[in-house]
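Dear colleague,

I am handing over the model we spoke about, and the notes below it set out what was found. Please look through the coordinates first and then read on.

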Amino acid sequence: MDARRKAGWGFMVALLVCAPVFARTPNDAAAEAQVREVIRRFDAAIVAGDGATLRSLFRPQSSAWASVLGESEYARLKARRPEAQRIRPDTYENFAKMVETAKRPQRERFTDIDIRTDGAMASVSFDYVYEEDGVAQNRGIESWQLVKADDGWKIVSMLYSVHRP
């Protein structure tokens, strides 16, 4: 076996030996169940128009909220309003107020939910469709960051893309 082949085999063996070091840390099962409960409560609060419950799911001192418009949505908005921004910061307070004052039923449907947690913090991502009166208003990818506080899991940041159906 020539020197290059030996070096190649040596690299492969080293990679296999080190692979467990790079493996994804398994989720804390109890924490994952608790985070899923936050997602369920978020959905139920939207359906019920319950702004107070929505507010309770966030950590007020450090919450960040932003949406980013998809290409076609941004182009349409920019054509009407040249000063429009692609990235739109907002607050969970504004969202809760919108939900509790909505005239028609609201619902956010989540699919392909991925949760990563070590029991102290969690990252959640999923595809979503936001509906009003059963009709899709927008869709995209959504991501949350959560921390385990003394009073349970709290969302500290939320970022989502916006695409029209």
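Glutamate 32 and arginine 36 both lie in helix H2 (residues 29–48), four residues apart, or about one turn of the helix; helices here are DSSP runs of H or I with at least four residues, strands are DSSP runs of E with at least two, and both are numbered from the N terminus. The side chains of these two residues, glutamate 32 and arginine 36, meet in a salt bridge with an N to O distance of 3.2 Å, a salt bridge being a side-chain nitrogen of Lys or Arg within 4 Å of a carboxyl oxygen of Asp or Glu. Arginine 36 counts as partly exposed because its relative accessibility is 38%, given that buried means under 20% relative accessible area, exposed over 50%, and partly exposed in between (1.4 Å probe, protein chains only).

Before going further, please note that this is a predicted model, in which local features need pLDDT of at least 70 and side-chain atom pairs count only at pLDDT 80 or more, while totals for chains, interfaces and linings use all residues. Residues are numbered from 1 along each chain as its sequence is written, and side-chain values use heavy atoms, with hydrogens and water left out.

Salt bridges

The structure holds eleven salt bridges. One of them joins the side chains of arginine 81 and glutamate 83 at 3.4 Å, N to O; arginine 81 is partly exposed, at 42% relative accessibility, and glutamate 83 is exposed, with a relative accessible area of 53%. Another links the side chains of aspartate 151 and lysine 154 at 3.7 Å, N to O, and here aspartate 151 counts as exposed at 59% relative accessibility, whereas lysine 154 counts as buried at 11%. Salt bridges that share partners also join Arg55, Glu93 and Glu100 into one network.

Helix H2

The 20 residues of H2 should span 28 Å at 1.5 Å a residue, and its end C-alpha atoms are 28 Å apart, which agrees; the expected span is taken as 1.5 Å times one less than the number of residues. The buried residues of H2 are Ala31, Val35, Val38, Ile39, Phe42, Asp43, Ala45 and Ile46. They cover an arc of only 165° around the axis, so they lie on the same side of H2, where the arc is that of the directions from the helix axis to the C-beta atoms. On the other side of H2, Ala29 and Ala48 are exposed.

The cover over the buried residues of H2 includes helix H3 (51–56), helix H5 (92–101), strand S3 (106–117), strand S4 (121–132), strand S5 (135–149) and strand S6 (152–162). At the start of H2, a side-chain oxygen of aspartate 28 reaches to within 3.2 Å of the backbone nitrogen of alanine 30, and just after H2, glycine 49 takes a positive phi of about 65°.

The nonpolar core

Which residues touch the most other members of the largest nonpolar core? Among its 33 residues, they are Phe42, Trp144, Leu146 and Ile155, a nonpolar core being a set of buried Ala, Val, Leu, Ile, Met, Phe, Trp, Tyr and Cys residues joined through side-chain atoms within 4.5 Å. H2, strand S1 (64–69), helix H4 (71–80), H5, S3, S4, S5 and S6 each supply at least two residues of this core, and the largest share, seven residues, comes from H2. Leaving aside its neighbours within four places in sequence, leucine 146 is in contact (heavy atoms within 4.5 Å) with residues including Val35, Val38, Met121, Trp153 and Ile155.

In H4, Glu73, Tyr74 and Leu77 are buried. They cover an arc of only 95° around the axis, which puts them on the same side of H4, while the face turned away from that buried side carries the exposed residues Glu71 and Ala79. The cover over the buried residues of H4 includes S1, S2 and S6. Glutamate 73 itself is buried at 7% relative accessibility and, apart from its neighbours within four places in sequence, is in contact with Val162, His163 and Arg164.

Isoleucine 87, by contrast, lies in strand S2 (residues 87–90) and is exposed, with a relative accessible area of 55%. Leaving aside its neighbours within four places in sequence, isoleucine 87 is in contact with Ser67 and Val68. Isoleucine 87 and serine 161 are 74 residues apart in sequence and 9.2 Å apart in space, C-alpha to C-alpha.

With kind regards

Methods: A polar contact is a pair of N or O atoms within 3.5 Å; within protein, one must be able to donate a hydrogen and the other to accept it, and residues adjacent in sequence count only if both atoms are side-chain atoms.
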